[in-house]
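Subject: Structure for your review, with notes on its pockets

Dear colleague,

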Amino acid sequence: DRFEQAVRDRVMLDIGCGLGDQVLGAVQAGSRSAVGIEVTDLHVRVATARAVELGIQDRVRFTTDPVSTLGAGWADVVLSQNSFEHFADPPEILAQAYAALKPGGQFFITFGPSWWHPYGAHHFFMIKVPWSHRIFSERTILKVRRLYRPNTPTQWRDVALNRMTVAKFLAILDASPFLVSDFRLTPIR
């Protein structure tokens with residue numbers, strides 16, 4: 001409810017928008033306009049096509065451009081959902097989000113699982129064993145991953161994992177210019 005209120009009649013930015021669900025949803029919930037940023041070109045094309053199907057393409061934009069290229073002080077709300085553990089430079093993402101926000105704007109961040117979660121390695125498609133990234137070496141997991149995916153990663157960052165922990169996130173947040181108004185941790189279930 002709080003998020004829907006925050007985007008109504010406002011301009012939203014989604015960093016790490018994936019296939020654009022939140023961008024499209026924000027516009028459908030009453031956002032004036034919304035921009036989605038995603039590093040994967042295919043996701044941008046799919047999200048754009050979905051906007052056209054919904055007839056809201058005039059109020060959304062999807063791009064692979066960095067946040068910093070979009071200007072400063074234009075967004076009322078910034079969102080990053082399930083992306084923070086994938087960013088190569090999380091402090092820079094926070095800095096760019098802060099610059100993009102208008103004074104008094106809000107940034108909603110949610111992500112998981114974090115690195116110390118039983119499934120922190122994010123390899124659900126190939127391994128269902130909890131704590132696999134603690135049981136097996138990085139090299140072993142990434143070698144097995146090659147059986148499922150066409151690339152040849154050699155380290156976690158090659159598969160877009162920055163090994164984000166709760167403590168690391170809090171330190172990054174504390175060093176940023178943001179003031180935290182609400183923080184919730186959901187324990188492992």
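The second largest pocket has a volume of about 820 Å³, where a pocket is an open set of points, on a 1 Å grid over the protein atoms alone, at which a 1.4 Å probe fits and which has protein on both sides within 12 Å along at least five of seven lines, and a volume is the space filled by probe spheres set on the points, joined across faces, edges and corners. Its lining (residues with an atom within 4 Å of a point) is made up of 29 residues, and Gly16, Glu38, Val39, Ser83 and Phe87 are the closest to its centre. Two or more lining residues come from each of β1 (11–15), α2 (21–28) and α4 (90–100), with α4 giving the largest share, three residues; helices (H or I, at least four residues) and strands (E, at least two) are DSSP runs numbered from the N terminus.

This is a predicted model, in which local features need pLDDT of at least 70 and side-chain atom pairs count only at pLDDT 80 or more, while totals for chains, interfaces and linings use all residues. Residues are numbered from 1 along each chain as its sequence is written, and side-chain values use heavy atoms, with hydrogens and water left out.

The largest pocket holds about 1400 Å³ of space and is lined by 40 residues, with Ile109, Thr110, Asp182, Phe183 and Arg184 nearest its centre.

Best regards
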